[in-house]
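Dear colleague,

I am passing on the structure we spoke about, and I would be glad if you could look through it with the notes below beside you.

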Amino acid sequence: MDKFLLVLVGLFFSCVSISDTKNSIIECNEEPEFYMLRPEVEQAYGYSHAVKICNQIKISGAVSMDDSGNPTAIGDIEKQMINCYSDLKKILDYYNSSFEDVVVENIFTTDMPKFLEVASYRNKIYNNKFPTGSWLGVKELALPDFMIEIELEVHMNQDHKDELEKYPDQDND
């Protein structure tokens, strides 16, 4: 009976310890950190390209545009997709994150058949695993020459947070 009680007490405290660890990771009191990739364009249209709260980052849809907000690679969906991923990488880099941390990727396209022809480019972006997400055919995007828009949700694992705490000068603040 004493052994049973000892095991039961040990199990209780190990569960409390696990529960406390999980709760400490989930709890977050950080203020949202907003990021603008092209401040003048984003202010004109009234959005931020990304916002980070704790270990979560929401990234607005990236489209193929220059720094003035003009569409680029008009008529070339593959090049537009490459340009989108290039902008998304800049945002991930700002937050010391990577495509490996992406948990949701939603792609909107005005030409699904053409997108499907070039979708394998994503294999160059996601090396180890693909995120969840949706591919949606839409009638139009913000400007008529945009053929594709890619938005992301990112979950930075604890290792990233630990690295930032070890090297606070690299957190882009």
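This is a predicted model: local features need pLDDT of at least 70, side-chain atom pairs count only at pLDDT 80 or more; totals for chains, interfaces and linings use all residues.

The structure holds one disulfide, which joins Cys28 to Cys54 with an S to S distance of 1.0 Å. The two cysteines are 26 residues apart and belong to distant parts of the chain, since Cys28 sits in the loop between helix H1 and strand S1, while Cys54 sits in the loop between strand S2 and strand S3. The torsion about their S-S bond is about -90°, and the disulfide is therefore left-handed. Cys28 is partly exposed, at a relative accessible area of 29%, whereas Cys54, at 8%, is buried.

Helix H3 runs over residues 77-94, and its 18 residues reach 26 Å from the first C-alpha to the last, close to the 26 Å expected.

Lastly, Val103 lies in strand S4, residues 102-109, and is partly exposed, with a relative accessible area of 37%. Leaving aside residues up to four places away in sequence, Val103 touches Pro131, Thr132, Glu153, Val154 and His155, and its C-alpha is separated by 8.1 Å from that of Gly133, which is 30 residues apart from Val103 along the chain.

Notes. Residues are numbered from 1 along each chain as its sequence is written. Side-chain values use heavy atoms; hydrogens and water are left out. Helices (H or I, at least four residues) and strands (E, at least two) are DSSP runs, numbered from the N terminus. The expected span of a helix is 1.5 Å times one less than its number of residues. Buried means under 20% relative accessible area, exposed over 50%, partly exposed in between (1.4 Å probe, protein chains only). Contact means heavy atoms within 4.5 Å. A disulfide is a pair of cysteine sulfur atoms within 2.5 Å.
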